[in-house]
Amino acid sequence: MTKNVVLLTAVLLTALVQSVQAQPFKVGDYVDSQFGGKWIPCTVSRPLQGNGYGVSCGANDYRVAASPQNIRARAATAEDKRVEAE
């Protein structure tokens, strides 16, 4: 019984860590991407391929590793909404 509890706990913790590490984003989602130690606002332009996303940050496109240290969700700003409305 104790082995089963330990095994189940290990499996659940592994799943939790993986879900926290790999937050799924879709094309068009607003994200912040880290470049040179600074977070900049971007939009996901290409879906997850391998271990990274394609992001568009203004006039520049980049590939960003899919880890919380490199990409995070953000809410749309008033400027984002204005551009979308055009």
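The structure is a predicted model, in which local features need pLDDT of at least 70, side-chain atom pairs count only at pLDDT 80 or more, and totals for chains, interfaces and linings use all residues. Residues are numbered from 1 along each chain as its sequence is written, and side-chain values use heavy atoms, with hydrogens and water left out. The protein chain has two helices and five strands. Here helices (H or I, at least four residues) and strands (E, at least two) are DSSP runs, numbered from the N terminus.

**Overall layout**

- Along the sequence, the elements of the protein chain follow the pattern α-β-β-β-β-β-α.
- The protein chain has 86 residues, and 20% of them are buried. Buried means under 20% relative accessible area, exposed means over 50%, and partly exposed is in between (1.4 Å probe, protein chains only).
- Among contacts in the protein chain with a separation of 6 or more, 35% are between residues 24 or more positions apart. A contact means heavy atoms within 4.5 Å.

**How the strands pair**

- Strand β1 and strand β2 (residues 38–49) run antiparallel and are joined by six bridges. Two strands pair if DSSP finds at least two bridges between them.
- In this pairing, V31 stands opposite C42 in β2.
- β1 and β2 form a hairpin with two residues between the strands, and G36 in this hairpin takes a positive phi near 60°.
- β1 is also joined to β5 by three bridges, and these strands run antiparallel. D32 has R72 in β5 as its bridge partner.
- β3 and β4 pair in the antiparallel sense over six bridges.
- The hairpin of β3 and β4 has two residues between the strands, and G58 in the turn has a positive phi of about 70°.
- In a regular strand the side chains alternate between the two faces of the sheet.

**Rings and a charge over a ring**

- The structure holds two aromatic pairs. Rings of Phe, Tyr and Trp (its six-membered ring) pair if their centres lie within 6.5 Å; planes under 30 degrees apart count as stacked, over 60 as edge-to-face and the rest as tilted.
- F25 and Y53 form an edge-to-face pair, with 5.5 Å from centre to centre and 75° between the planes. F25 lies in the loop between α1 (2–21) and β1 (30–35) and Y53 lies in strand β3 (residues 52–57), so the pair ties together parts 28 residues apart in sequence. Both F25 and Y53 are buried.
- F35 and Y62 form a tilted pair, with 4.5 Å from centre to centre and 40° between the planes. This pair links distant parts of the chain, with F35 in strand β1 and Y62 in strand β4 (residues 60–65), 27 residues apart.
- F35 is partly exposed, because its relative accessibility is 26%. Y62 is partly exposed as well, with a relative accessible area of 31%.
- R72 lies over the face of W39, at 4.0 Å from the ring centre. A charge sits over a ring if NZ of Lys or CZ of Arg is within 6 Å of the ring centre and within 35 degrees of the ring normal.

- D32 is in strand β1. D32 counts as buried because its relative accessibility is 13%.
- Not counting residues up to four places away in sequence, D32 touches W39, I40, P41, N70, I71, R72 and R74.
- R74 is found in the loop between β5 (71–73) and α2 (78–85). R74 is buried, with a relative accessible area of 16%.
- Leaving aside neighbours within four places in sequence, the contacts of R74 are Y30, V31, D32, P41, C42 and D80.
- The side chains of R74 and D80 make a polar contact at 2.6 Å. A polar contact is a pair of N or O atoms within 3.5 Å; within protein, one must be able to donate a hydrogen and the other to accept it, and residues adjacent in sequence count only if both atoms are side-chain atoms.
- T77 is in the loop between β5 and α2, and it is partly exposed, with a relative accessible area of 37%.
- T77 and Y30 are 47 residues apart along the chain, and their C-alpha atoms are separated by 9.1 Å.
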